[in-house]
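Hello,

After it you will find a short account of what turned up.

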Amino acid sequence: SITAQFLVEPTTLDPEKIFRRMHMITQGMHRDALTSLIESDAHLMKIVTERDDEVDRLYFLQVRLIRSAAQDARLASRFRLSPIDCLDYRVAANMIEAIGDVSVEVAKVAGILPSSTLDDIQDTLKSIRDLTERMQEASVKAFLTRGAEEAKEVVEIFTRLTGEISRLEAEASTKPPHIAASLLGLAASINRITRYSIDIADL
């Protein structure tokens, strides 16, 4: 089925639904980017890059919608948004969009690293993939529900994920210089994604 939606009239839209859509796409992007690395899947790497365009379109739509709500009290009331909610959604949407950009960087690493060099870090990469996905899920849920338990879960996952990233960095030091540089760049990208998730949960 195909659902068509009129995007010029703000009252037909919903900031929360747009935010959830951005979250679902970017969450899948870094999951698939790491999977493309683990499985040496060039096609999946290409799909990750293409999905970033959709995230960008949704982000600019969200910015336009939030700006309209900030300027129109009736529209803000329709969306059930206070002035501080408008600010929070604007900031959170920016972070989700940034996660999409970093996911593209991760996918590009997948196109550089030869699969033969990854055999001994497969388990670490799989753990990072699963924890990163769980962390974003918990952070977005904490943001949307103002749930303290979900925010605590984000911190717990972050602690475990930091250990896995450190393990990846340690493995990188045992590789040839050009491979080590790519793995350290990958670790830095994953760390940025986790920081964005932390910041979303902080909101």
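**A pocket and a helix pair**

The second largest pocket holds about 160 Å³ of space. Please keep in mind that this is a predicted model.

Who lines that pocket? The lining is made up of Asp14, Pro15, Glu16, Phe79, Arg80, Leu81, Asp85, Tyr89, Phe143, Leu144 and Arg146. At least two residues of the lining come from each of α1, α4 (83–110) and α5.

Two of those helices also pack together. The axes of α1 (residues 15–39) and α5 (residues 122–145) are 9 Å apart, at an angle of about 175°. Angles over 145 degrees count as roughly antiparallel, so that is how α1 and α5 lie to each other.

The contact of α1 with α5 divides into 9 nonpolar, 8 polar and 7 charged residues.

Lastly, the aromatic rings: the count comes to 4 aromatic pairs. In one of them, the ring centres of phenylalanine 19 and tyrosine 89 are 5.9 Å apart and the planes stand at 90°, so the pair is edge-to-face. This pair links distant parts of the chain, with phenylalanine 19 in helix α1 and tyrosine 89 in helix α4, 70 residues apart.

Best wishes

Technical notes
Residues are numbered from 1 along each chain as its sequence is written. This is a predicted model: local features need pLDDT of at least 70, side-chain atom pairs count only at pLDDT 80 or more; totals for chains, interfaces and linings use all residues. Side-chain values use heavy atoms; hydrogens and water are left out. Axes are lines fitted to C-alpha atoms, for helices over the stretch in contact, and angles run from 0 to 180 degrees between N-to-C directions. Helices (H or I, at least four residues) and strands (E, at least two) are DSSP runs, numbered from the N terminus. Angles under 35 degrees count as roughly parallel, over 145 as roughly antiparallel, 65 to 115 as roughly perpendicular and the rest as oblique. Ala, Val, Leu, Ile, Met, Phe, Trp, Tyr, Cys and Pro count as nonpolar, Asp, Glu, Lys and Arg as charged, and the others, Gly among them, as polar. On a 1 Å grid over the protein atoms alone, a cavity is a set of points where a 1.4 Å probe fits but cannot get out, and a pocket is an open set with protein on both sides within 12 Å along at least five of seven lines; lining residues have an atom within 4 Å of a point. Grid points are joined across faces, edges and corners, and a volume is the space filled by probe spheres set on the points. Rings of Phe, Tyr and Trp (its six-membered ring) pair if their centres lie within 6.5 Å; planes under 30 degrees apart count as stacked, over 60 as edge-to-face and the rest as tilted.
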